[in-house]
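I opened the model to look up its aromatic pairs and one of its helices. My notes follow.

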Amino acid sequence: RLQNAAMVAYVLGTLALHLLLTRVLERWGAFVVTLFIGAGLGWWLVVTYATGGGWGAMGIVLVALGLAGSGLVLAPLYDAIYTRWFKRR
């Protein structure tokens, strides 16, 4: 349950941040920031938890790669959500 809650919090939190940043940085600025959020979290995981060897460190690296790639999926999705429902006309 905790893993599911963390994933939902990550998706909803980055959506809220993307929508707020779109007002300040325009669409492309928010798009780039959303791309780098997952990569930054992945880097933090690797630096913090993958210092030891073994299978646990490899698992952390795999999770970090998934986080880094999440921006490639979430940024276009959030941009589509913004332009569909939140863009001022």
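I took helices as DSSP runs of H or I with at least four residues, and strands as runs of E with at least two, numbered from the N terminus. This is a predicted model, so I kept local features only at pLDDT of at least 70 and side-chain atom pairs at pLDDT 80 or more, while totals for chains, interfaces and linings use all residues. Residues are numbered from 1 along each chain as its sequence is written, and side-chain values use heavy atoms, without hydrogens and water.

Aromatic pairs. I counted two in the structure. Rings of Phe, Tyr and Trp (its six-membered ring) pair if their centres lie within 6.5 Å; planes under 30 degrees apart are stacked, over 60 edge-to-face, the rest tilted. Trp28 and Phe31 are edge-to-face because their planes stand at 65°, with ring centres 5.4 Å apart. Both sit in helix 1 (residues 2–49), three residues apart, so about one helical turn separates them.

I then checked burial (buried is under 20% relative accessible area, exposed over 50%, partly exposed in between; 1.4 Å probe, protein chains only). Trp28 is exposed at 60%, whereas Phe31 is buried at 17%. The rings of Trp44 and Tyr49 have centres 5.9 Å apart and planes at 85°, so this pair is edge-to-face. Trp44 is partly exposed at 47%, and Tyr49 is partly exposed at 49%.

Helix 2. I found a kink of about 30° at Leu74, shortly before Pro76; the bend is the angle between axes fitted to the seven residues ending there and the seven starting there. Leu74 is one of the buried residues of helix 2, which include Tyr78 and Tyr82.
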